[in-house]
Amino acid sequence: MNGWQRFAILLLCCFVVMVCYPDFDAAGWTFIGILIAMWTGAIMILSIISNIFALYRLETLNKLICLVFICAVFYTLLWYFPQEDKVTPINKIKYGEIPTKADIEKGLKRFTFNFDFVRRNARRSENFINQDMDGEKVKKEIKKTVSKKTDELVDSIQIEVE
């Protein structure tokens, strides 16, 4: 197994943990970035050692190294992956909280794009994302809202002049 294959396994392991345990915030993304950088360095060192000693020729040893690598990546992910409730994934597994179908669906939603253009057409007036807004129309709406609010405030204020 070469370094590119190990890197692909690293990305797959990170993806699996992020999908199974989707209750993370920005610290989770930072952790994944640092973890990928750290393990990429380990993959490079492992590849250099493997090429120096020609370990790639010994298939059984190469499979053992791959298995140890996968276990080590999952170990670091499950023990240290930050969650919003401050309970690591390994402790959740220990207490019987395994990922449910709802967790997996929530995790997959973080990595998906809405391709349903029939329901969410970019040219519809209801969808304001990535559309140029007519400046005059917006000004009229703002004036209308402001005048309505001022009328409500004037009606609510009771001023008596003697």
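Trainee: What share of the 162 residues in the chain is buried?

Mentor: Keep in mind that this is a predicted model. Buried means under 20% relative accessible area. In this chain, buried residues make up 23% of the 162 residues. The chain exposes about 12,600 Å², and carbon and sulfur atoms supply 65% of that area.

Trainee: How many helices and strands does the chain have?

Mentor: Six helices and zero strands. Along the sequence the pattern reads α-α-α-α-α-α.

Trainee: What span should the residues of H3 have?

Mentor: Take 1.5 Å times one less than the number of residues. H3 has 22 residues, so 32 Å should be the span. The end C-alpha atoms of H3 are 32 Å apart, which agrees. H1 has 18 residues and reaches 26 Å from its first C-alpha to its last, close to the 26 Å expected.

Trainee: Which residues of H3 are buried?

Mentor: Asn-62, Ile-65, Cys-66, Phe-69, Val-73, Thr-76, Leu-77 and Leu-78 are. Ask next what they pack against. The buried residues of H3 pack against H1, H2 and helix H4, which covers 89–94.

Trainee: And which elements do the buried residues of H1 pack against?

Mentor: H2, H3 and H5. The buried residues of H1 include Leu-10, Cys-14, Val-17 and Met-18.

Trainee: How many residues does the largest nonpolar core have?

Mentor: A nonpolar core joins buried nonpolar residues through side-chain atoms within 4.5 Å. Here the largest has 20 residues. Those with the most contacts inside it are Leu-10, Cys-14, Ile-32, Phe-69, Val-73, Leu-77 and Phe-81. H1, H2 and helix H3 (59–80) each give two or more residues to this core.

Trainee: What is Phe-81 in contact with?

Mentor: Leave aside its neighbours within four places in sequence. Then Phe-81 is in contact with Val-17, Met-18, Tyr-21, Phe-24, Gly-28, Phe-31, Ile-32, Thr-76, Thr-88 and Pro-89.

Trainee: Which residues make the nonpolar surface patch?

Mentor: Leu-12, Phe-15, Val-16, Trp-29, Ile-104, Leu-108 and Phe-111 make it, and the patch covers about 580 Å². Helix H1 (3–20) and helix H5 (101–109) are the elements giving two or more residues. The largest share, three residues, comes from H1. Look at Trp-29, which lies in helix H2. Trp-29 has a relative accessible area of 41%, so it counts as partly exposed.

Trainee: How many salt bridges does the structure hold?

Mentor: Three. To find one, look for a side-chain nitrogen of Lys or Arg within 4 Å of a carboxyl oxygen of Asp or Glu. Asp-23 and Lys-106 pass, with their closest N and O atoms 2.7 Å apart. Asp-23 lies in the loop between H1 and H2 and Lys-106 in helix H5, so the pair ties together parts 83 residues apart in sequence. Asp-23 is partly exposed at 26%, and Lys-106 is partly exposed at 42%.

Trainee: Where do Glu-59 and Lys-63 lie?

Mentor: Both lie in helix H3, four residues apart, which is about one turn of the helix. Glu-59 is exposed, with a relative accessible area of 55%. Lys-63 is exposed too, at 56%.

Trainee: Which residue forms a salt bridge with Asp-85?

Mentor: Lys-92 does, and the closest N and O atoms are 3.5 Å apart. Check each partner for cover. Asp-85 is partly exposed, at 42%. Lys-92 is buried, at 6%.

Trainee: What else does Lys-92 touch?

Mentor: Glu-97 is in contact with Tyr-21 and Lys-92, leaving aside its neighbours within four places in sequence. Glu-97 is found in the loop between H4 and H5. At 46% relative accessibility, Glu-97 counts as partly exposed.

Trainee: What share of contacts between residues at least 6 apart joins residues at least 24 apart in sequence?

Mentor: In this chain, 72%. Lys-101 and Cys-20 are 81 residues apart along the chain, with their C-alpha atoms separated by 8.9 Å. Lys-101 sits in helix H5 and is exposed, at 62%.

Trainee: Is Ser-50 buried or exposed?

Mentor: Ser-50 is buried, with a relative accessible area of 6%. Its place is in helix H2. Ser-50 touches Leu-55 and Tyr-56, not counting residues up to four places away in sequence.

Definitions and conventions:
Residues numbered from 1 in each chain as written. Predicted model: local features only at pLDDT ≥ 70, side-chain atom pairs only at ≥ 80, totals over all residues. Heavy atoms only, no water. Patch = residues over 30% accessible without salt bridge, like charges linked within 9 Å, V, L, I, M, F, W, Y side chains within 5 Å. Areas by Shrake-Rupley, 256 points an atom, 1.4 Å probe, with all protein chains shown as cover. Buried < 20%, exposed > 50% of the residue type's maximum accessible area, 1.4 Å probe, protein only. Contact = heavy atoms within 4.5 Å.
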